[in-house]
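Hi there,

Here is the structure I promised to pass on.

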Amino acid sequence: MPPETEFSAPSPAALSDSPPQAGEILLTLIAPMAVAEAVEDLLLARSDLVSGFTSIAADGHGSRLALHGAGELVSGHAPRLQIQTITTPGAVRELLAALKAALPRAALYYWLTPVLEKGPL
């Protein structure tokens, strides 16, 4: 194998020591800050479905986003928390159902993305 240089990178197979399980999915949740802690608490309570997650502060923008309060109206965006976790399709469906049941009017938004590869670098 040729030595690594700043212009070449190892193949993805060489980097991944943890290939994804068949059909793993990245769940991305967007939560208004008013319910963000409740969403995190639910995820932490469901360790049978979620082994861990990452969260990051985000701002919601767009014409379909309802802005509340003077601060949001002046700034033109709404603070949100973005949460991501990798899990299986069955666990995702169960988790989404649990969120909907626990927080029926929370204005959560989500999307699912297939996981092609994952692992530590």
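**The second largest pocket**

Leu29, Leu96, Leu99, Lys100, Leu103, Pro104, Ala106, Ala107, Leu108, Tyr109 and Tyr110 form the lining of the second largest pocket. Two elements each supply two or more of these residues, namely α4 (89–102) and β4 (109–114). The top contributor is α4, with three residues. (Helices are DSSP runs of H or I with at least four residues, strands runs of E with at least two, numbered from the N terminus.) Sorted by class, the lining holds 10 nonpolar, no polar and one charged residues.

Please keep in mind that this is a predicted model: local features need pLDDT of at least 70 and side-chain atom pairs pLDDT 80 or more, while totals for chains, interfaces and linings use all residues. Numbering runs from 1 along each chain as its sequence is written, and side-chain values use heavy atoms, without hydrogens and water.

Threonine 28 sits in strand β1 (residues 25–32). Its relative accessibility is 0%, so threonine 28 is buried (under 20% relative accessible area, with a 1.4 Å probe and protein chains only). Its side chain has a polar contact of 3.1 Å with the side chain of glutamine 84 (N or O atoms within 3.5 Å, one able to donate a hydrogen and the other to accept it).

Threonine 87 belongs to strand β3 (residues 78–87) and is buried as well, at 8% relative accessible area. The side chain of threonine 87 reaches the backbone oxygen of leucine 49 at 3.0 Å.

Best wishes

Conventions: Buried < 20%, exposed > 50% of the residue type's maximum accessible area, 1.4 Å probe, protein only. 1 Å grid on protein atoms, 1.4 Å probe; cavity = no way out; pocket = protein on both sides within 12 Å on 5 of 7 lines; lining within 4 Å. Nonpolar A, V, L, I, M, F, W, Y, C, P; charged D, E, K, R; others polar.
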